[in-house]
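Q: I am new to this structure and would like to learn how to read its features one at a time. Could you take me through them, giving the general idea before each case?

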Amino acid sequence: HDGEVPQEIEALVRLPGVARKTANVVLGTAFGIASGFVVDTHVRRLANRLDLSGESKSERIELDLMARFPSEEWIFLGHALIWHGRRVCHSRRPSCDTCTLSSLCPRRGVELAP
């Protein structure tokens with residue numbers, strides 16, 4: 001690519017070590033291109049907890065999220081869900097009492113296995 005970062009998801013995922021998650025992060029963060037929805041471990045967990053997707057595979061979760069939200073929201077929402085999963089909705093001990101999404105969460109207060 002002559003030292004340039006490709007701005008197409010198809011070209012990015014052909015690079016060694018780059019899959020859809022990384023390609024979506026690069027395109028969204030570096031170029032402002034909403035080619036897809038970033039799905040990492042935090043987004044996967046929150047998509048399940050918030051009943052945004054019943055899928056377990058990242059590719060299927062991405063499709064569910066893309067269908068639920070307008071493309072102009074994908075970049076922000078990906079970052080917001082990651083941040084929320086890191087800071088509030090932890091995998092083992094979610095902070096439901098301080099969560100701003102608790103009124104929307106079908107799993108608020110549910111005890112999770114350690």
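Q: Where is the place of aspartate 51?
A: Helices are DSSP runs of H or I with at least four residues, strands are runs of E with at least two, and both are numbered from the N terminus. On that reading, aspartate 51 sits in the loop between α3 and α4. This is a predicted model, in which local features need pLDDT of at least 70 and side-chain atom pairs count only at pLDDT 80 or more, while totals for chains, interfaces and linings use all residues. Residues are numbered from 1 along each chain as its sequence is written, and side-chain values use heavy atoms, with hydrogens and water left out.

Q: What is the phi of aspartate 51?
A: Most residues other than glycine have a negative phi. Aspartate 51, although it is not a glycine, has a positive phi of about 55 degrees. Aspartate 2 also has a positive phi of about 55 degrees without being a glycine, and it lies in the segment before α1.

Q: How many salt bridges does a search of the whole structure find?
A: A salt bridge is a side-chain nitrogen of Lys or Arg within 4 Å of a carboxyl oxygen of Asp or Glu. The search of the whole structure finds two. In one of them the side chains of arginine 107 and aspartate 51 meet, at 3.0 Å from N to O. Arginine 107 lies in the segment after α5 (71-87) and aspartate 51 in the loop between α3 (41-49) and α4, so this pair ties together parts that are 56 residues apart in sequence. Arginine 107 is partly exposed, with a relative accessibility of 31%.

Q: Which residue forms a salt bridge with glutamate 62?
A: Glutamate 62 pairs with arginine 20, and their closest N and O atoms are 2.8 Å apart. This pair links distant parts of the chain, 42 residues apart, with glutamate 62 in helix α4 (residues 58-68) and arginine 20 in helix α2 (residues 20-31). Glutamate 62 is buried, at 5% relative accessibility, while arginine 20 is partly exposed, at 33%.

Q: Where does α5 bend?
A: The bend at a residue is the angle between axes fitted to the seven residues ending there and the seven starting there. In α5 there is a bend of about 30 degrees at leucine 77. The buried residues of α5, among them Trp74, Leu77 and Leu81, pack against α3 and α4.

Q: Which residues does histidine 42 touch?
A: Contact means heavy atoms within 4.5 Å. Leaving aside residues up to four places away in sequence, histidine 42 touches Leu81, Ile82, Gly85 and Arg86. Histidine 42 lies in helix α3 and is buried, with a relative accessible area of 15%.

Q: How many residues has the largest nonpolar core?
A: In soluble globular proteins, nonpolar side chains tend to be buried together. A nonpolar core is a set of buried Ala, Val, Leu, Ile, Met, Phe, Trp, Tyr and Cys residues joined through side-chain atoms within 4.5 Å. The largest here has 16 residues, and those with the most contacts inside it are Phe37, Val43 and Leu65. The elements giving two or more residues to this core are α3, α4 and α5, and α5 gives the most, with four. Apart from this core lies another, of five residues, among them Ile9, Leu12, Ala23 and Leu27.

Q: Where is the place of leucine 12?
A: Leucine 12 is in helix α1 (residues 9-12), and at 3% relative accessibility it counts as buried. Its contacts, not counting residues up to four places away in sequence, include Val18, Ala23 and Leu27.

Technical notes: Buried < 20%, exposed > 50% of the residue type's maximum accessible area, 1.4 Å probe, protein only.
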